[in-house]
Amino acid sequence: MQRLINYINPLIRLGNSKYSVNFPIILSLVTIAASEFVANSILKNPAAVGAYIIFVHVALIIYFAFRDGIRGGFITTFLAILYYLYIIESRGYKDSQWSVAVNTSFILMFIYLLLAYIIGWLKQRLDQLIVTETEARQAAEDGRARMETILQQLPVGVLMIDKKSNKVETNRHIKNLVGPIRSTLEKVQDYQFPVAFQSGQKLSLRQWPLVRALNSGEVITGEEIEYKNDSRRLFLRVNAAPIKNKNQQIIAAVSTIDDISQEKELEQRKDDFINMASHELKTPITSMKIYIDVLLKNISKHQDPKVTKILNSLRTQTDRLQEIVSDLLDVSRIQTGKLHLNKEQFRLDRLISETSEVLQGTTDKHNLIIKSKKAISVKADRFRIYQVLTNLIANAIKYSPDGKKIQIECKASGTKALVSIKDDGIGISKDQKKRIFERLYQVNKMTEMTFPGLGMGLYISKEIIKRHRGNIWVESIEGKGSTFFFSLPLG
Ligand code: ADP
């Protein structure tokens, strides 16, 4: 029964573009037969018969045009007009009666066709719209289901927040990482996140990358955050980006969160090992140097030049070893925040002269030129600044294998002292420029060993200058040379 109602009811069939041919034919023929019966047996008045027939056919055309589109309406019209012609023929109309009946039939046909066309066209358009809308909704639902599965299966935590509602969506992984997260953050600005830290500083929620991306459109990559709750301590690597609409307005933000605790632990163990090993190496190296010095003294007494040469070379190598160990210790101090500064007032220009004099002694091929001799005073850690200068000038020498001049300049620039060391050496490419101040970064591959080194010098220099609230940077053209700059607040 329900199926029959569904079949007959045109409203239920909205959006169904399978239009029937048989049903309009059958129902129209049944109606025509019923009309014949009514005309012959019930209604005797021809005007009443005519009105009745026209009313039934108009209703039928509207029904089929709405149920089966233009074609449904046209089929009914065609059968109705055939019936009218049959009436004219079977009732034996003559002359003027005949011509009035034929004309009326034609006018009715025109009206019926127009009616069938308008209603049928509207119905077909409606069906099309409904189909397109349903398909679009289905596609959106499918896409969402697909996204949901991908989101849930991702091995990283994903957090999404909607700008209007502050509604938060998460995937399963995030719950494994930081536990369940509230599904709405009503007042993002005020909510304090009690357990997240960055560089030892407690983070409020507005400092979280996701909230920053949402509020200011920042794109954040690879930010490291320490997360603590009652039972666990995690290190997270967090990325975040805003989601914008066509008009470039932020409508939401998404963040991915990766657990790097294991990586961090490994790194920590490695740092601890380097720290321990360098401490352990310090004492034997110092002893070795003393023994070599004693030996050198004794041997020179006996004037054996060959042994003296070997011992001198041993002394140089031990010095180098001591430098490496000392750099390793500095790196470890920086990592653990234990690089302390003993600041004092001193003449930076004099320190530069002294350093360049010492380093000039290490090379015959290079000419170290100090460009200006103006008195510049700074309040800084003299030993640490000496270390920076030594590193930059030694690099300028090392990376200019063909010799030539190295120009050193020291001048005041605003509230800062500005030092530059310019060489005509191998230079640094654009890509590498960004990375040379990183820990253990070396442009040469370890296997090539064109220039020996461990990539610690610039990292230590950068940290020293940073802690003095200064800046360090490089300008360079590959193949032409580099100029390293650093600035320090004037003392
Ligand atoms: P190291 O010299 O021990 O390798 P540094 O940290 O001092 O380590 O330098 C890092 C890298 O920067 C070096 O490997 C080198 O490729 C590049 N570099 C440093 N100074 C210069 C320079 N003056 N000219 C060209 N390249 C340089």
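Thr76 sits in helix α3, which spans residues 46-90; helices here are DSSP runs of H or I with at least four residues, strands are E runs of at least two, and both are numbered from the N terminus. This is a predicted model, in which local features need pLDDT of at least 70, side-chain atom pairs count only at pLDDT 80 or more, and totals for chains, interfaces and linings use all residues. Residues are numbered from 1 along each chain as its sequence is written, and side-chain values use heavy atoms, with hydrogens and water left out.

Back to Thr76: its relative accessible area is 1%, so it is buried (buried means under 20% relative accessible area, exposed over 50%, partly exposed in between, with a 1.4 Å probe and protein chains only). Leaving aside neighbours within four places in sequence, Thr76 is in contact with Pro24, Ser28, Leu60, Ile61 and Phe64, where contact means heavy atoms within 4.5 Å.

Lys123 is buried at a relative accessible area of 1%. Setting aside residues within four places in sequence, its contacts are Arg13, Leu14, Asn16, Tyr19, Ala65, Phe66, Arg67 and Gly69. Lys123 and Ser377 are 254 residues apart in sequence, and their C-alpha atoms are 89 Å apart. Asp95, on the other hand, counts as exposed, at 67% relative accessibility. Asp95 is not a glycine, yet it has a positive phi of about 45°. Asn166 is another non-glycine with a positive phi, here about 60°. Asn166 lies in the loop between β1 (157-162) and β2 (168-170), and it counts as buried at 13% relative accessibility.

On the overall layout, the protein has 12 helices and 14 strands. Its radius of gyration, taken over C-alpha atoms, is 45 Å, well over the 23 Å that the globule rule gives for 491 residues, so the protein is more spread out than a compact globule. That rule is 2.2 Å times the number of residues to the power 0.38. Along the principal axes, the C-alpha atoms fill a box of roughly 155 × 55 × 45 Å. Of the 491 residues, 37% count as buried. Among contacts with a separation of 6 or more, 64% come from residues 24 or more positions apart.

Next come the cores. In soluble globular proteins, nonpolar side chains tend to be buried together. A nonpolar core is taken as a set of buried Ala, Val, Leu, Ile, Met, Phe, Trp, Tyr and Cys residues joined through side-chain atoms within 4.5 Å. The largest one has 40 residues, of which Leu348, Ile385, Ile421 and Phe486 touch the most other members. Helix α10 (residues 382-398) gives the largest share of this core, 7 residues. A second, separate core of 23 residues includes Ile174, Ala213, Ile225 and Ile257. As for Leu348, its contacts beyond four places in sequence are Ile376, Val378, Ile385, Cys410, Ala417 and Val419.

Thr483 lies in strand β14 (residues 481-489) and is buried, with a relative accessible area of 13%. Not counting residues up to four places away in sequence, Thr483 touches Ser420, Ile421, Lys422, Trp473, Val474 and Glu475. Gly414 is found in the loop between β11 (404-413) and β12 (416-422), and at a relative accessible area of 71% it is exposed. Gly414 and Pro489 are 75 residues apart in sequence but 9.3 Å apart in space, C-alpha to C-alpha.

Finally, the pocket search. On a 1 Å grid over the protein atoms alone, a cavity is a set of points where a 1.4 Å probe fits but cannot get out, while a pocket is an open set with protein on both sides within 12 Å along at least five of seven lines; lining residues have an atom within 4 Å of a point. The second largest pocket has a volume of about 970 Å³, volume being the space filled by probe spheres set on the points, with grid points joined across faces, edges and corners. Its lining has 27 residues, of which Glu224, Lys264, Glu267, Gln268 and Gln335 lie nearest the centre. The largest share of that lining, 9 residues, comes from α7.
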